[in-house]
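Here is a short report for a first look at this structure. Keep the view open while you read.

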Amino acid sequence: MKDQHDNKTVDWVDANKPKYIETELGREKLCIQCGEYWPLDDEFWWHRNVKLVNGQVSKRYEAACKCCYNVRYKPGKTKNKNSIRSVYEKGEAA
Ligand SMILES: [Zn+2]
């Protein structure tokens, strides 16, 4: 058994958090980027259809929610748009 505090290379925000939780409103999924739970549906998550070996198609949701998807998987895409430089870098410091 591993020591809880010894997990150095976990991808998850909190390794102790379950990936999915069941709420009154249904199943929610943990976003690995923001660490929040969001309802597991197309509104909050990108997904892709994966064909299984038995011919069935399975819906796979991405590990990061829509809000975080670009941040996590396409850093170059959002960097320019959202880069917030400190006032010091802009030369606006008093
Ligand atoms: Zn997120």
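Trp 38 lies in strand S3. Strands here are DSSP runs (E, at least two residues) and helices are DSSP runs too (H or I, at least four residues), both numbered from the N terminus. Trp 38 counts as partly exposed because its relative accessibility is 29%. The scale is simple: buried means under 20% relative accessible area, exposed over 50%, and partly exposed in between, with a 1.4 Å probe and protein chains only.

What does Trp 38 touch, not counting residues up to four places away in sequence? The list is Arg 27, Glu 28, Lys 29, Cys 31, Phe 44, Trp 45 and Cys 65. Contact means heavy atoms within 4.5 Å. The C-alpha atoms of Trp 38 and Ile 21 are separated by 9.5 Å, and these residues are 17 residues apart along the chain.

## Basis of the model

This is a predicted model, in which local features need pLDDT of at least 70 and side-chain atom pairs count only at pLDDT 80 or more, while totals for chains, interfaces and linings use all residues. Residues are numbered from 1 along each chain as its sequence is written, and side-chain values use heavy atoms, with hydrogens and water left out.

## The chain as a whole

The chain has three helices and five strands. From the N terminus on, the order is β-β-β-β-β-α-α-α. Of its 94 residues, 16% count as buried. Among contacts with a separation of 6 or more, 19% come from residues 24 or more positions apart.

## The sheet

Three strands form an open sheet, in the order S1-S2-S3, with antiparallel pairing. Two strands pair if DSSP finds at least two bridges between them. Strand S1 (20–23) and S3 stand at the edges with a single partner strand each, so one side of each has no neighbour in the sheet. From one strand to the next, the twist averages 35 degrees. For such angles, axes are lines fitted to C-alpha atoms (for helices over the stretch in contact), and values run from 0 to 180 degrees between N-to-C directions.

S1 and S2 form a hairpin with two residues between them. Four bridges join this antiparallel pair. Tyr 20 has Lys 29 in S2 as its bridge partner.

## The zinc site

Which residues coordinate the zinc ion? They are Cys 31, Cys 34, Cys 65 and Cys 68, each through SG, at 2.3 Å. Donors are N, O and S atoms within 2.8 Å of the metal (3.2 Å for Na, K and Ca); water is not among the atoms, so sites may look incomplete. The donor residues are spaced C-x2-C-x30-C-x2-C in sequence. Cys 31 lies in the loop between strand S2 (26–30) and strand S3 (37–39), and Cys 65 in the loop between S5 and H1, so the pair ties together parts 34 residues apart in sequence. Cys 31 and Cys 65 are both buried.

## A glutamate in the loop

Glu 62 sits in the loop between strand S5 (57–61) and helix H1 (66–73). Glu 62 counts as buried because its relative accessibility is 11%. Leaving aside neighbours within four places in sequence, its contacts are Lys 29, Trp 45, Trp 46, Arg 48 and Tyr 69.
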